[in-house]
Amino acid sequence: MINKVSNDQLAPAEDRPGDDRKKQTTTQFEPRVFSTKYVLGALLMLAILVVTILVLFKDHDLKNVLRYIGGADIRYLLGGVAMMILYQFCIGESIRLLINAFANKRYPLELAHKTSYIGFYFNAITPSSSGGQPMEILYMMKRGVDLSHSTIVFILLAICYNISTLFFAILSLITHFKLVVSSLSFVRYFMIAGFIVTGGLLIGMILLLARPGIVRKLARGLTALGIKLRLVRRPGRFLRRLSEFNKSYTHTSTAMWKKPVLLIKVVSLHLFQVAALYTVPWFVSLALGGNIGSFGEIFSLQAVLHVSSDFFPTPGAVGLTETGFITMFQSVLPANQVMPAMLLTRGINMYGFLVLSAIVTLISFFTASHRLIKNGG
């Protein structure tokens, strides 16, 4: 279908003499941090959170909850924060290792770690964590990273992440089967769906890397549709760039399989990353004191809850994560500590780092745009 593109369509491909290239470069990838869909996503997450908390507080005394939160041991809470810093550090290191390996060029350390926080922010405010990777790729393009390289990097990261979440969830079911099953209640249906969705995505992404031809066919089909619907401006130029992307993507995906040591390092980083995330409730439980479950029990419940809620179609999986926590952790925490534990855990592993990530995102996109303008695109 693409071969039938007319000469008239191809004509705009050449750069026109009067084009302002600098203007095109600096506006084409202008940051969309405050675009309507992201603002609405953040507001939706806040609205769902407020409704969820109001519903949950019907069975809890506010003064008692605040008393427990106020009396929490700050040392253990800082331990939870340290786990989230480790979580983000592992993501940044994975990006750094992969992008430097595939691009055959050393990018600044701060590029990879800023990208990890950008991903956290946009994943948190979009349904099913769907907005992180596109904005991470956008930011890396603004910093000069080739699209085919960043695409391979984030497919690999998603594969490693899904492998890690499935590994810990399955391990948790094996080692603490009775506890997990007895704690699930309504969450069991989301757990089954979570395993199916995560496993399906994992298989699909592995195919995208193992069979680059699938990507080429998808790209060609979508491009032909875009041209037919007049959604692609300057199709000739777009087709040339698509051809370059396909060649680079194929070359990079082929080269990836020749780097087993690199892949082992990235998988290991993701195992540490996910383990750090699942350890946050343990530190929160220690901060609240009392007769709590063992580390393995708390870790296992968090692992199963995460795989059950990660795909949930609300920004930041808000709603299911909070209610699921209250439901499942009643079996390992004192009844009067479950709500404070949920609020502190989500405050550390979601909302606190959401604010931090928003700040890093704003700074990153602003400085990237400034760099483009300063360098003339």
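This is a predicted model: local features need pLDDT of at least 70, side-chain atom pairs count only at pLDDT 80 or more; totals for chains, interfaces and linings use all residues.
The structure holds 0 disulfides. Cys90 has a relative accessibility of 3% and counts as buried. Cys160 is likewise buried, with a relative accessible area of 4%. The C-alpha atom of Cys160 lies 9.8 Å from that of Ile264, although the two residues are 104 positions apart in sequence. Ile264 belongs to helix α13, which covers residues 260-288. Is Ile264 buried or exposed? With a relative accessible area of 56%, Ile264 is exposed, because the threshold for that class is over 50%.

**Overall architecture**

The protein chain folds into 16 helices and 0 strands. Of its 377 residues, 51% are buried. The accessible surface of the chain comes to about 18700 Å², and carbon and sulfur atoms supply 66% of that area. Among contacts with a sequence separation of 6 or more, 80% are made by residues 24 or more positions apart.

The table gives their separations along the chain and between C-alpha atoms.

| Pair | Sequence separation | C-alpha distance |
|---|---|---|
| Val360 and Tyr117 | 243 residues | 6.6 Å |
| Leu138 and Phe365 | 227 residues | 9.6 Å |
| Ile264 and Cys160 | 104 residues | 9.8 Å |
| Ile137 and Val153 | 16 residues | 9.4 Å |

Val360 is part of helix α16, which runs over residues 338-374. Which residues does Val360 touch, not counting those up to four places away in sequence? They are Lys114 and Tyr117. Val360 has a relative accessible area of 19%, and it is classed as buried because the limit for that class is under 20%.

His113 lies in helix α6, formed by residues 109-124. Its relative accessibility of 16% makes it buried. Beyond its neighbours within four places in sequence, His113 is in contact with Gln88, Phe89, Gly92 and Glu93.

Ile137 counts as buried at 16% relative accessibility, and Leu138 counts as buried at 7%. Once neighbours within four places in sequence are set aside, the contacts of Ile137 are Leu147, Ser150, Thr151 and Phe154. For Leu138, the residue Phe365 is 227 positions away in sequence, with a C-alpha separation of 9.6 Å.

**The second largest pocket**

Rolling a probe the size of a water molecule over the atoms shows where empty space is left. By class, the lining is made up of 21 polar, 18 nonpolar and 3 charged residues.

Most residues other than glycine have a negative phi, and most peptide bonds are trans. Ser185 has a phi near 55°, and Ala317 has a phi of about 55°.

Ser185 sits in the loop that joins α9 (177-184) to α10 (187-210). Ala317 occupies the loop between α14 (295-309) and α15 (320-329). Where do these two residues fall in terms of accessibility, buried or partly exposed? Ser185, at 41% relative accessibility, is partly exposed, because this value lies between the 20% and 50% limits. Ala317, at 10%, is buried, because its value is under 20%.

Note on methods. Residues are numbered from 1 along each chain as its sequence is written. Side-chain values use heavy atoms; hydrogens and water are left out. Helices (H or I, at least four residues) and strands (E, at least two) are DSSP runs, numbered from the N terminus. Buried means under 20% relative accessible area, exposed over 50%, partly exposed in between (1.4 Å probe, protein chains only). A disulfide is a pair of cysteine sulfur atoms within 2.5 Å. Contact means heavy atoms within 4.5 Å. Accessible areas come from the Shrake-Rupley method with a 1.4 Å probe; for residues, only the protein chains shown count as cover. Ala, Val, Leu, Ile, Met, Phe, Trp, Tyr, Cys and Pro count as nonpolar, Asp, Glu, Lys and Arg as charged, and the others, Gly among them, as polar.
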